Amino acid sequence: MLPLAQAQAQLASLVDEIVRTRGLVAIARNGEPAVVMLSAEDYEALQETLALLNDSSARIRIDQARRDIAAGNYATVEELAEIMAERRQSDG
């Protein structure tokens, strides 16, 4: 947690660091948590994740995918590559 005065004094370097490391910085005002800074890219990804989690049909598909993985119903990278190669041959 970084005090607000320190964050103000180091704003440019904080922005550079956050963008470079894709980290985040929590900033306190009067000793209390006030805001969190994160990269625009991470913020957009977070927004997309929230939208996905708020989509009931997407949640159903995610839950089914988790059950499939737990049951061993998935393809390995090698199997997917093989399937894609076969599709390319049949399309070509």
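Accessible areas here come from the Shrake-Rupley method with a 1.4 Å probe. The accessible surface of the protein chain comes to about 7500 Å² on that basis, and 55% of this surface belongs to carbon and sulfur atoms. The structure is a predicted model, and every value in this report is computed from it.

**Overall form**

The protein chain contains five helices and three strands, and, read from the N terminus on, its elements follow the order β-α-α-β-β-α-α-α. The radius of gyration of the protein chain is 22 Å, well over the 12 Å that the globule rule gives for 92 residues, so the chain is more spread out than a compact globule. The C-alpha trace spans about 65 × 30 × 20 Å along its principal axes. Of the 92 residues in the protein chain, 12% are buried, where buried stands for a relative accessible area under 20%. Among the contacts in the protein chain with a separation of 6 or more, 24% are between residues 24 or more positions apart.

**The sheet and the helix across it**

Strands of a sheet pair through backbone hydrogen bonds, either parallel or antiparallel. In this model three strands form an open sheet in the order β1-β2-β3, and the pairing is mixed. Strand β1, residues 2-3, and strand β3, residues 32-38, stand at the edges with a single partner strand each, so one side of each is left without a neighbour in the sheet. Strand β2, which covers residues 24-29, runs antiparallel to β3 and is joined to β3 by six bridges. Within these two strands, Ala-28 stands opposite Pro-33, the latter belonging to β3. Helix α2, made of residues 11-21, lies across β1, β2 and β3, and its direction makes an angle of about 55 degrees with β3.

**Salt bridges**

Side chains of opposite charge can pair when their charged atoms come close.

| Salt bridge | N to O distance |
|---|---|
| Arg-20 and Glu-17 | 2.6 Å |
| Glu-41 and Arg-22 | 3.2 Å |
| Arg-22 and Asp-42 | 2.3 Å |

The pair of Arg-20 and Glu-17 sits in helix α2, where the two residues are three residues apart and therefore separated by about one helical turn. Arg-20 counts as exposed because its relative accessibility is 61%, whereas Glu-17 counts as partly exposed at 37% relative accessibility.

How do the other two salt bridges relate to the course of the chain, and which parts does the pair of Glu-41 and Arg-22 link? The salt bridge of Glu-41 and Arg-22 links distant parts of the chain, with Glu-41 in helix α3, residues 40-53, and Arg-22 in the loop between α2 and β2, 19 residues apart. Arg-22 also forms a salt bridge with Asp-42, the closest N and O atoms being 2.3 Å apart. Because Arg-22 lies in the loop between α2 and β2 and Asp-42 lies in helix α3, this pair ties together parts that are 20 residues apart in sequence. Salt bridges that share partners join Arg-22, Glu-41 and Asp-42 into one network.

Most residues other than glycine have a negative phi. Which value does phi of Arg-22 take? Phi of Arg-22 is near 60 degrees, which is a positive value in a residue other than glycine. The place of Arg-22 is the loop between α2 and β2, and this residue is also the one with salt bridges to Glu-41 and to Asp-42. Asn-30 likewise has a positive phi, of about 55 degrees, although Asn-30 is not a glycine. Asn-30 is found in the loop between β2 and β3, and Asn-30 counts as exposed because its relative accessibility is 77%.

Notes:
Residues numbered from 1 in each chain as written. Predicted model: local features only at pLDDT ≥ 70, side-chain atom pairs only at ≥ 80, totals over all residues. Heavy atoms only, no water. Pairing = 2+ DSSP bridges. Helix = DSSP H or I, 4+ residues; strand = E, 2+ residues; numbered from the N terminus. Contact = heavy atoms within 4.5 Å. Axes fitted to C-alpha atoms, helices over the stretch in contact; angles between N-to-C directions. Salt bridge = Lys/Arg side-chain N within 4 Å of Asp/Glu carboxyl O. Buried < 20%, exposed > 50% of the residue type's maximum accessible area, 1.4 Å probe, protein only. Rg over C-alpha atoms; globule rule 2.2 N^0.38 Å.
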